[in-house]
Amino acid sequence: MDADPIPYGDHEAGRDCNYWRLDPTLRFEARRVYPDDEFEWAEPVLEEFGEVLGSRMADTADRIDEAGHELRSFDEYGDRLNEVEYHPLMQEQEEIVYEEFGVTHDAFRAPPGREEPLGLTHPLMMQALLSYVDGGFTCPVSMTNGAAIVLEKFDDGSLSEYFEALTARNVDDHIEGAMFLTEEQGGSDVGANEVRAEPAGDGTYRLYGEKWFCSNIDAEGALALARTPEAPDGVEGLSLFLVPRTKPDGEVNEAHFRRLKDKLGTISVPTGEIEYEGAEAYLVGEEQEGFRYMAEMMNFERLTNATGAVGIMGRALLEAKVHAADREAFGDAIDEYPLMRRDLVDMTVDYEAAVAFSFEAARLLDERERASGSDADDSAAYQLMRLFIPVAKYKTARMAVETTSYAMEVLGGNGYVREHTTERLLRDAQVLPIWEGPSNILALDTLRALNREDAHEALLPYVEERLDAVEHPSLEEPAAAVEERFGELQAALATLATEDGDYAQYHAKRLADLIFDVVTAALLLAEAQTAIDRDDDGRKALVARRFVETRFGDDEAYGVTSGERFAMEDDVFAAVAHYAGVDPESLVEAVPADD
Ligand SMILES: Cc1cc2nc3c(=O)[nH]c(=O)nc-3n(C[C@H](O)[C@H](O)[C@H](O)COP(=O)(O)OP(=O)(O)OC[C@H]3O[C@@H](n4cnc5c(N)ncnc54)[C@H](O)[C@@H]3O)c2cc1C
């Protein structure tokens, strides 16, 4: 409770600083979701990574974004090259992430100082921090982790060399992953995939057909979905293949990298189109199980989308707070004005919500991974993970667009200009709702998690448990408001159970909104109770109260007649937006003495 406010005004911009140290929200969540022994090991690593990102990588990421990469499909003799000519500074970024910090290594092999690998929460936390400087580069990093997850789970050993290379720490031995699903006729509709896989007679396959969006197009560890001869239509007929850029004999594979997409953002990852012309490919696991295997990678990538959204929001918020503390207008710093204080407080509360929900989904994925292969019952963790991942991806992607857009506005005209990172953050954020499945597709997946996995069975006790943990008097009123909305959520689930499928689809996004709001509110309240008990700090209680008020409060006259002055109070602003500690007892309204 003795935390001082962060002096944002000491900075000129959100660079040359330590992102980890400047993000108490992320630090709080890391402490909550890592197992204790792993957090003890990881905390100094996160601290150092936050420093390196701010000092060595942030400017470089801006320069790579300005120039981009180039595709060289053929050499001067017309021979196939399939080469991406990377910006020369990309190598340095890769060395830092892969070799210095082991971001694609440490969840698969024991890092120095440990005898066991870490859980998947660790790369997700590192990737969130990486997204502070480069949401584009987070994509290949995450797909490398994702491809390794798939091979670790489903490969029979025949692709172990690729697994070793994906998880290698030394950049000279390291390869990256990728996932190629989308074809021109179907991105969301993966079952419409037409790329063919013909057996070559020697255990390998040859791929024919075209993939329309391939991020990290030149990955040596790319996984692609394709249909074998006689396989049924739909996702059931799809198999998963590893299709390297270079064949084991050193020749370039029979794929034509047609062109790179001329994208709005995420310039640091090259995304292009591929035409397979008999490309050598290696089956992962069993034929026609491809979609099931790819779903495991998709879970991780969707979660990365959410934790990446968190990182981009964190950076945007930092830029906004630094600017608002520095910029004077009408004689005062703009963060002295009531309306700007309200903006910054509510953006911070949104951020805390996005971080709490995303890393709760990460914790559940991790819990389920740890339980699989043991006798532990992971069914509830699985049901909750299946429900929370699509909701997290859908909600945080849209929140990141909103936050980066508003952060740009806080910087005024400068925010719109390329020299300031806010314009890149907005461009990078804009892809988050699209790749790994657009909002509607994620909302429909939420329905699937409820219908097929009975996720509501785990959801109800989950929320109850968190609300039951709340006991501090300052949290009673918001807990009662959440309880009421939780009742409405149960009624909504009961309604959808009796209505037809079209009706359920029609309401799917609003249902996902409701699930996010109720779960996040319960989670923030439980976190607030922890902060009071453990740290004697009421700051989280203020955050939780504001979240509940803005989501579930009485909105009569849009609050104008309510008399509410929450963010105007100096103490509240310093606590919520600048992370100052708060005495929990100061949050309990004085009870009038009996006459
Ligand atoms: C920069 C970038 C990089 C990408 N990288 C990759 C990659 O590496 N690998 C890869 O496989 N793909 C990649 N993609 C493709 C991406 O995953 C797809 O674009 C996305 O899944 C949507 O598919 P689509 O473009 O075919 O749109 P569609 O599936 O045609 O969807 C168009 C719209 O229709 C809506 N819609 C579709 N079906 C329904 C329905 N039943 N009900 C209601 N609404 C519906 C969607 O929500 C969306 O708004 C990338 C895309 C971008 C922009």
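Me: What makes the span of helix 9 close to the expected one?
Reply: Helix 9, residues 379-410, has 32 residues and reaches 45 Å from its first C-alpha to its last, against 46 Å expected at 1.5 Å a residue. The expected span is 1.5 Å times one less than the number of residues. Helices here are DSSP runs of H or I with at least four residues, strands are E runs of at least two, and both are numbered from the N terminus. Before we go on: this is a predicted model, in which local features need pLDDT of at least 70 and side-chain atom pairs count only at pLDDT 80 or more, while totals for chains, interfaces and linings use all residues. Residues are numbered from 1 along each chain as its sequence is written.

Me: Why is helix 9 called mostly covered?
Reply: Of its 32 residues, 25 are buried. A residue is buried if 20 or more other C-beta atoms, placed from the backbone, lie within 10 Å of its own, exposed if 12 or fewer, and partly exposed in between. Just after helix 9 comes Gly412, with a positive phi of about 65°.

Me: How do you know how helix 16 compares, in span and in cover?
Reply: Helix 16 (539-552) has 14 residues and reaches 20 Å, close to the 20 Å expected. It is mostly covered too, with 10 of 14 residues buried. Among them are Leu542, Val543 and Phe547, but also Arg539, Lys540 and Arg545. The cover over the buried residues includes helix 8 (338-371), helix 13 (476-498), helix 15 (508-535) and helix 17 (570-576).

Me: Why does Val190 count as buried?
Reply: Val190 has 20 C-beta neighbours inside 10 Å, so it counts as buried. Val190 sits in the loop between strand 3 and strand 4 (196-199). Leaving aside residues up to four places away in sequence, Val190 touches Leu181, Leu225, Val235 and Phe291; a contact needs C-beta atoms, placed from the backbone, within 7 Å. Ala353, by contrast, is 163 residues from Val190 in sequence and 31 Å away in space, C-alpha to C-alpha.

Me: How do you know the class of Pro112, and of Ile441?
Reply: Pro112, in the loop between helix 3 (90-100) and helix 4 (121-131), has 8 C-beta neighbours inside 10 Å and so counts as exposed. Ile441 and Ala508 are 67 residues apart along the chain, and their C-alpha atoms are separated by 9.6 Å.

Me: What makes up the shell around the ligand?
Reply: The ligand is surrounded by 21 residues, the closest being Gly187, Ser188, Phe213, Ser215 and Asn440; a residue is near if its C-beta atom, placed from the backbone, lies within 6 Å. Strand 3 (177-180), strand 5 (205-215) and helix 11 (439-453) each supply at least two residues of this shell, and strand 5 gives the largest share, three.

Me: Why is the chain called as compact as a globular protein of its length?
Reply: The chain has 17 helices and 11 strands. Its radius of gyration is 24 Å, close to the 25 Å that the globule rule gives for 595 residues, so the chain is as compact as a globular protein of that length. The radius is taken over C-alpha atoms, and the rule is 2.2 Å times the number of residues to the power 0.38. Buried residues make up 51% of the 595.

Conventions. Two residues are in contact if their C-beta atoms, placed from the backbone, lie within 7 Å.
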